[in-house]
Amino acid sequence: MDEKTIKEKDLSARLLEEIKRLTTGREHPLRLMEVCGTHTVSIFRAGLRQLLPAEVELVSGPGCPVCVTPDGYMDAAIGYARMEDVIVATFGDMLKVPGSASSLAEAMARGGDVRIVYSPLDALAIAKENPEKKVVFLAVGFETTAPTAAAAVLTAERENVGNFFLLPAQKLVPPAIRALLSDEDARIDGFLLPGHVAVVTGSENFSFLAEEYHLPGVVAGFSPPELLRGIYRLVRQAAAGEARIENEYKSVVRAGGNPAAQKMMDQVYETCAAEWRGLGAIPDSGLRLRDAYRRFDFAEARPLDLPTAPPKKSGCRCGEVLRGKITPKECKLFDTACVPEHAAGPCMVSAEGVCAAWHKYGGGIFQYG
Amino acid sequence: MCLAVPAKIVEIRDSLATVELRGVTREASLMLLPEAKVGDYVLVHAGFAMQIIEETDMAETEALWAEMNGGPRTVNLELSQHG
């Protein structure tokens, strides 16, 4: 082990001690929610849930964009993938997400042209290479990812690429947090705030938590010591009855975020109501293209006449899992009818889904608070 | 989805940077981070540099340590207080 690792190990041990000291004797466990799939996975991978005292309960919220994408969006993507003249370009984690009857992976197996890309710019490159096709990028993601698709749209406009489109379903984190908190049974005592969303929006974007809900929030990084620092700060605020927003990820998070990215988002998108799996429709929680860029919206350029998806009766309880209402283990399908290889719901499909994390790291054998 | 990796900018041509991480090089757009320069470490997400990484302040970690050992709190105090 190098010197830095040893120091981080010491720091983590000390933070854990302090978290224990500050929470011993609490009547009710502190319920701290993370709203970022990358946090969820890092917490499980590091085994933090087993290390923390029983008085600190970590709850996963709607932090995985793939998981909150509703059936209807997947149905549209699948519908487009079946068209002869369309190439669907997507981040890989969307492939197996079930729509109401099928998935993109199935459409691909049936001959649909679906390409996995790492960046929206890769989708733009595919459009340039295939001028006879329409290339539709599945624009999902939170504030971290939304500006990258906006930049691709502006590049397509500048370079006059007429066959590049988005199927927009980007979402904003703060309105989802508000929706969760509007539920009186939410029982959340603080938020571990998403580090990379805050890189774009700035930590100030979350000040409403303290001001309006009197809840603490700490922007945290992703390594085990960074996560523990975030949890320690939340526990300390809770112990002192404080509520403010702190930034424990200062290496990349500034109070005001990334102004260039915000400007680009604002130029290309406006907010709209959006449907979240598990949370329903939330006002001003989604992004759509502004009029000046509406021609890049494939849903407008080629509307699909899809039947409204009937609610599924599989017994999947992803919706409650996403709101932190139940743990995956409380769902009857978890690890029986629903495993990553044949998942009933998106929380098991996405590598960053809560159910997938529970399944991968111990199959639910541990008492995860 | 919001996964991002740190990498060092080794070359910039127009608004496209070549970034390097442990010997692997890739291209990253600087459209969202026009102020980045060669030599900067940046956080890369979905093909874009998103932020310049500032070296973490060891003094802050030491202050955190002192605070846990009963010293006065000095970290994060500059942030707005609502309490």
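B:Thr25 belongs to strand E3 of chain B, residues 24-29; helices (H or I, at least four residues) and strands (E, at least two) are DSSP runs, numbered from the N terminus. The model is a predicted one, in which local features need pLDDT of at least 70 and side-chain atom pairs count only at pLDDT 80 or more, whereas totals for chains, interfaces and linings use all residues. Residues are numbered from 1 along each chain as its sequence is written, while chains are lettered from A and ligands numbered from 1 in the order in which they are written.

B:Thr25 counts as partly exposed because it has 13 C-beta neighbours inside 10 Å. By definition, a residue is buried if 20 or more other C-beta atoms lie within 10 Å of its own, exposed if 12 or fewer, and partly exposed in between, with C-beta atoms placed from the backbone. Apart from neighbours within four places in sequence, B:Thr25 is in contact with B:Thr18, B:Val19 and B:Glu20; a contact requires that the C-beta atoms of two residues, placed from the backbone, lie within 7 Å. B:Glu55 is 30 residues away from B:Thr25 along the chain, and their C-alpha atoms are separated by 22 Å.

Between the two chains, 28 residues of chain B are in contact with 44 residues of chain A. On the side of chain B that touches chain A, strand E4 (41-45), strand E5 (48-52) and helix H1 (58-68) of chain B each supply at least two residues. By class, this side of chain B has 16 nonpolar, 11 polar and 1 charged residues. Here Ala, Val, Leu, Ile, Met, Phe, Trp, Tyr, Cys and Pro count as nonpolar, Asp, Glu, Lys and Arg as charged, and the others, Gly among them, as polar.

The secondary structure of chain A comprises 17 helices and 11 strands. Chain A has a radius of gyration of 21 Å, close to the 21 Å that the globule rule gives for 369 residues, so it is as compact as a globular protein of that length. The radius is taken over C-alpha atoms, and the rule is 2.2 Å times the number of residues to the power 0.38. The C-alpha trace of chain A spans about 65 × 45 × 45 Å along its principal axes. Of its 369 residues, 54% count as buried. Among the contacts in chain A with a separation of 6 or more, 75% join residues 24 or more positions apart.

The domain assignment divides chain A into domain 1 (23-61 + 174-247), domain 2 (66-172 + 257-299) and domain 3 (318-360); such bounds come from an automatic or database domain assignment. The centres of domain 2 and domain 3 of chain A, taken over C-alpha atoms, are 25 Å apart. In chain A, 9 residues of domain 2 are in contact with 10 residues of domain 3. The side of domain 2 of chain A that touches domain 3 of chain A has 5 nonpolar, 1 polar and 3 charged residues.

One open sheet of chain A has 5 strands in the order E2-E1-E7-E8-E9, with parallel pairing; two strands pair if DSSP finds at least two bridges between them. Strand E2 (56-60) and strand E9 (245-247) of chain A each have a single partner strand, so one side of each is left without a neighbour in the sheet. The twist averages 25° from one strand to the next; axes are lines fitted to C-alpha atoms, for helices over the stretch in contact, and angles run from 0 to 180 degrees between N-to-C directions. Strand E1 (residues 30-34) and strand E7 (residues 190-194) of chain A pair in the parallel sense over 3 bridges, and A:Glu34 stands opposite A:Leu192 in E7(A). Helix H12 (residues 224-240) of chain A lies across E1, E2, E7, strand E8 (217-220) and E9 of chain A, at about 170° to E8(A).

A second open sheet of chain A has 4 strands in the order E4-E3-E5-E6, also with parallel pairing. Its edge strands are E4 (113-116) and E6 (164-170) of chain A. Strand E3 (residues 86-90) of chain A pairs with E4(A) over 4 bridges, and A:Thr90 has A:Ile116 as its bridge partner in E4(A). Helix H5 (residues 71-81) of chain A lies across E3, E4, strand E5 (134-141) and E6 of chain A, running at about 135° to E3(A). Helix H8 (residues 146-158) of chain A lies across E5 and E6 of chain A, at about 160° to E6(A).
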